[in-house]
Amino acid sequence: MGELSKGAQRGAAYLDECIARQGQTPEQMVGKLLSQQDADTRRDDEASIARLAGLTAVEYERIRTDEAKRLGVRAAVLDRLVQSERQQCQTADGISFEDAAPWPEAVSGEALLSDIASTIGRFIVCKVETAQAAALWVAMTWFIDMIEVAPLAVIFAPEKRCGKSQLLTLLGKLSRRPMQVSNITPAALYRVIETHHPTLMIDEADSFMRESEELRGILNSGHTRDSAYVLRMVGENMALKQFSTWGAKAIAGIGKLADTLMDRAIALDLRRKMPHEQVERIRHARPELFDNLASRLCRFATDQREAVRRARPPVPAELNDRAQDNWEPLLAIAEVAGGIWPEAARQVAIAVSGGAEESATLGTELLAGIREAFEARRETRLSTRELIGALCEDEEKPWASYSKAGRITPRQLARRLKDYGITSKLLRTGNEVLRGYERGQFEDTFCRYLPAPASVTGEGMAVTEQRMCYKKTSNHAGCNVVTDKTGKPGEGEEEWPF
């Protein structure tokens, strides 16, 4: 070996000097470096195991072989390590989940969705469309890692004893990693989602959610995958941490929730049972009924996950933009399931979410009133005084009692319309000049913020009101049997499509 260069000699001398200052031999220094490397490797391995433990069964199964190779262990050893980590996490906070085992053979998506909707009809008094929408939403929870929009399932009714909690319980028995709660704080919401990735089932929402703007904001944030995060300062050092809010969530309560939540939801409205309407009690159901359906859902999701991810189903034009976003993942699942479901799902989407007026804001209600005023008077321009008079004719509308003094004032009207870029102008009528508005000022705003008049969409409206007539499942049939023993629905009952 040749002599070291001068640079190498200086480097070696400097290293000897450092070792001497540390009071350690070269062997000790090398051992310390190797020990540090081992510690870093252990930390990396522990972080990998923790990450894998947080995955769903389907996610883990997909990557377990590659991860085992990367970590240099057999797949069976990795399985034991991940299971141990999951048990430690569950022991730490007392929360545990039982993942459904996949059905042993391939599953027909059409039959599966039909069986779920029929099962809902056995236990819950609801419209056919509600049962179908609930079946699609349940299936969506199993594809949560394949979709980009996660609509809420909002179960509501005008009064108590309409089956809201029962439907929430039933959905929980079929959903992926369900967690049922009757109250939750904002901090608990994002922490449990970050840690356990559950399908949250929130009951009694009317008792606590309306007063919590923060809770509503967090739920809103979980609507789309890209924005499903909140930032919080945590720990004694107030370190900045990002928490995920992405996941499926069902909410039950009396009355509708805030507009921002309903706008991001599949609305499942219920009604109180009539004396002649008979349903079974969930607690009397055979234990294997829900287990078998959940197992079939797990297998369907495992086999069709990529097909759902690639699906681009046609979305009904009758839905507004947000409703189209909400229904797209459900329509994708229906498209992959095939059979009657692609068309049935589109009809259900129109029936459940096609009413734009249900989510009207005060601003759009004002615009609708102004359009009615112009059309009723067949005028191309109205003074402010005439317009306010027209708005206040209907005492059920808010404008007659909008202010403390009574009817909406010209200043309040002007302030509202300014948000839409509309301002009053001087109008000459004979020898009189008054402040007012021309119809042409509103045309673009009407087109952008209001649904088309009923006369334009009458033909389409007739289509949405059509009902499909099917037979109801026998109460004693197994989960794969979908014909009624009698063949006739009872008086006042709806017929079912399965």
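Rings of Phe, Tyr and Trp (its six-membered ring) are taken to pair if their centres lie within 6.5 Å, with planes under 30 degrees apart counted as stacked, over 60 as edge-to-face and the rest as tilted. In the predicted model described here, Phe374, Tyr437, Phe442 and Phe446 form one aromatic cluster. Local features were required to have pLDDT of at least 70 and side-chain atom pairs pLDDT 80 or more, while totals for chains, interfaces and linings use all residues of this predicted model. Residues are numbered from 1 along each chain as its sequence is written, and side-chain values use heavy atoms, with hydrogens and water left out.

The ring of phenylalanine 446, a member of the cluster, also has arginine 371 over its face, at 6.0 Å from the ring centre. For this assignment, NZ of Lys or CZ of Arg must be within 6 Å of the ring centre and within 35 degrees of the ring normal.

By the ring-pair rule, the count comes to 8 aromatic pairs. One of these is the tilted pair of phenylalanine 123 and phenylalanine 290, with 5.8 Å centre to centre and 45° between the planes. Phenylalanine 123 lies in helix 5 (residues 109-123) and phenylalanine 290 in helix 11 (residues 287-310), so this pair ties together parts that are 167 residues apart in sequence. Helices (H or I, at least four residues) and strands (E, at least two) are DSSP runs, numbered from the N terminus. Both phenylalanine 123 and phenylalanine 290 are buried, where buried means under 20% relative accessible area, exposed over 50% and partly exposed in between (1.4 Å probe, protein chains only).

Tyrosine 420 and tyrosine 449 form an edge-to-face pair, at 5.2 Å centre to centre and 75° between the planes. Tyrosine 420 is in the loop between helix 16 (410-418) and strand 9, and tyrosine 449 is in helix 17 (residues 443-449), so parts 29 residues apart in sequence are tied together by the pair. Tyrosine 420 is partly exposed at 23% relative accessibility, and tyrosine 449 is likewise partly exposed, with a relative accessible area of 44%.

Nonpolar cores were defined as sets of buried Ala, Val, Leu, Ile, Met, Phe, Trp, Tyr and Cys residues joined through side-chain atoms within 4.5 Å. The largest has 67 residues, and Ile120, Trp137, Leu171, Leu268 and Trp327 are those with the most contacts inside it. A second, separate core of 27 residues includes Phe156, Tyr190, Leu215 and Ile218. With contact meaning heavy atoms within 4.5 Å, and residues up to four places away in sequence not counted, tryptophan 327 touches residues including Ala133, Leu136, Ile266, Leu319 and Val348.

Strands were treated as paired if DSSP finds at least two bridges between them. An open sheet is formed by 5 strands in the order 2-3-6-1-7, with parallel pairing. Strand 2 (178-181) and strand 7 (265-269) stand at the edges with a single partner strand each, so one side of each is left without a neighbour in the sheet. Strand 1 (residues 152-157) and strand 7 pair over 5 bridges, and leucine 152 has alanine 265 in strand 7 as its bridge partner.

Antiparallel pairing joins strand 4 (residues 229-234) to strand 5 (residues 239-244) over 6 bridges. Their hairpin has 4 residues between the strands, and glycine 235 takes a positive phi near 80°. Strand 9 (residues 425-429) and strand 10 (residues 432-438) are also antiparallel, over 5 bridges. In their hairpin, 2 residues lie between the strands, and glycine 430 in the turn has a positive phi of about 65°.
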